[in-house]
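Here are my notes for you, one point at a time. Keep the structure open beside them and find each residue as you read.

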Amino acid sequence: MKLGRFSAILDAYGAAPERWPAHEREAALELARSSLPAARALSEAHALDTTLLRMSVPDIESDPERFISLRSAIVSAAQPRIGNWFDRWLGVDLTPSQLWPSVAGLTVATLLGFAVGLGGLIQIDPDHDADDVAVLSSIDLPAASQ
Amino acid sequence: MQPNAAIKKTEACPGRKLSRLTVTEPRSDENLMAAIATGDQFAFARLVERHLSRTVGLATRLMGSRADGEEVAQEAFARVWTHAARWRPIGGGGNARFTTWLYRIVVNLAIDRKRRPVHAAMDDVDEPMDEADDGFAQIHRRQVSDAVAAAMMRLPERQRVALALCFFEEMSNIEAAKIMALSVGAIESLLVRARRALRQELTGVYEELSEG
């Protein structure tokens, strides 16, 4: 491994070898052992790591009261989902592969319903008189005729 | 009895009508998520308990404030509850572990909030007091912590997120790449820029620490 790559690894991952890319770790360690500039770069990276780790973010578990309070707030905000069954009925929570049989079924049913309806509309009644329709229309819809 | 363990009754010696309790492994995140998708609040409580601490830690580092971090964590878990049915485990049509999905939500929420004009300062990041330290040491530790936190907050947001995930949360670059939807090479590049910037900003601080 060249010193340039070693420095890039330190710049990216810091001084802890367990954080270095696994496939380069052994070569990097070997360079750190055999090269003075590499050892110096490792020492500098270690100093930066130590400084960064001084940034303290207290673990919330070290404050049990706060932990319990926050957990309770989160859990109590999770109300039973009334829309859950409705979503499932609509297929909102389904993947496309799960959804397509429902979509296909709905399409077939719609087309069938449309065909039946259309067939009823164009059915011809041989006893039907066109004059009856005209008379009925004028009686039933006076507003429209004025 | 452990609330997180699935317990089943098995007959050890059927002839003698004796029974024993077998405690199986704690439920996996995937298992809990499947239950949450059906509206199981107990499973949700278990999942929250398991991941709350790390979620708050990550959110706090990204937001620079404990209060904001807790708010982001709360909102992230609310989204987990609401969208549980949409999450698919690896092998079930999905391509990410639960934690990857959760941290992606946290990162996105944190970035959204940081882009809003008003945000809290670093002042409310409390540091636990070490009883072994004297007053001067405590003040010095607090000053170093504040200096690092302030330098972190001055980083561009993607550099800050990459550093928080890989350095502070000790995630692999592969996992961080999945969370940030970037390539591993891009993550490495962000980390290099972030650490170089911090090294420049904090030179005085860490030289002082090295000498100390």
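1. Let's begin with rings in chain B. B:Trp87, B:Phe98 and B:Trp101 are linked by ring pairs into a cluster. Please keep in mind as you look that this is a predicted model. Over all chains, the structure holds six aromatic pairs.

2. A word on how to read such pairs. A pair of aromatic rings is described by two things, namely how far apart the centres are and the angle between the planes. You will meet both values in the next two points.

3. Now turn to chain A and another ring pair. A:Phe6 and A:Trp20 pair edge-to-face, with 5.9 Å from centre to centre and 80 degrees between the planes. A:Phe6 belongs to helix α1 (residues 3-13) of chain A, while A:Trp20 is in the loop between α1 and α2 (22-34) of that chain, so the pair ties together parts that are 14 residues apart in sequence. Are these two residues buried or exposed? A:Phe6 has a relative accessible area of 0%, so A:Phe6 is buried. A:Trp20 has a relative accessibility of 2%, and because buried means under 20%, A:Trp20 is buried too.

4. What sits over the ring of B:Phe167? The charged end of A:Arg19 does, 4.4 Å from the ring centre. Here a residue of chain A and a residue of chain B come together in one contact.

5. While you have chain A in view, take in its overall make-up. Chain A has eight helices and zero strands. Followed along the sequence, its pattern reads α-α-α-α-α-α-α-α. Of the 146 residues in chain A, 27% are buried, and A:Phe6 and A:Trp20 are among the buried ones.

6. How many cavities of 30 Å³ or more does the structure hold? There are two. The second largest cavity has a volume of about 30 Å³. Its lining is made of B:Leu62, B:Ala110, B:Ile111, B:Lys114, B:Glu157, B:Arg160 and B:Val161. In chain B, α4 (98-115) and α6 (157-168) are the elements that give two or more residues to this lining.

7. Stay with the second largest cavity for a moment and sort its lining by class. Four of the lining residues are nonpolar, three are charged and none is polar. Which domains do they come from? Domain 1 (1-9 + 24-126) and domain 2 (128-212) of chain B each give at least three residues to the lining.

8. Finally, check two backbone angles in chain B. B:Glu170 is not a glycine, yet B:Glu170 has a positive phi of about 55 degrees. You can find B:Glu170 in the loop between α6 and α7 (173-180) of chain B. With a relative accessible area of 58%, B:Glu170 is exposed. B:Ala181, also a residue other than glycine, has a positive phi near 55 degrees. B:Ala181 lies in the loop between α7 and α8 (184-211) of chain B. Its relative accessibility is 65%, and because exposed means over 50%, B:Ala181 counts as exposed.

Terms used:
Residues numbered from 1 in each chain as written. Chains lettered and ligands numbered in written order. Predicted model: local features only at pLDDT ≥ 70, side-chain atom pairs only at ≥ 80, totals over all residues. Heavy atoms only, no water. 1 Å grid on protein atoms, 1.4 Å probe; cavity = no way out; pocket = protein on both sides within 12 Å on 5 of 7 lines; lining within 4 Å. Points joined across faces, edges and corners; volume = space filled by probe spheres on them. Helix = DSSP H or I, 4+ residues; strand = E, 2+ residues; numbered from the N terminus. Nonpolar A, V, L, I, M, F, W, Y, C, P; charged D, E, K, R; others polar. Domains from an automatic or database assignment. Phe/Tyr/Trp six-rings, centres within 6.5 Å; stacked < 30°, edge-to-face > 60°. Buried < 20%, exposed > 50% of the residue type's maximum accessible area, 1.4 Å probe, protein only. Lys NZ or Arg CZ within 6 Å of the ring centre and 35° of its normal.
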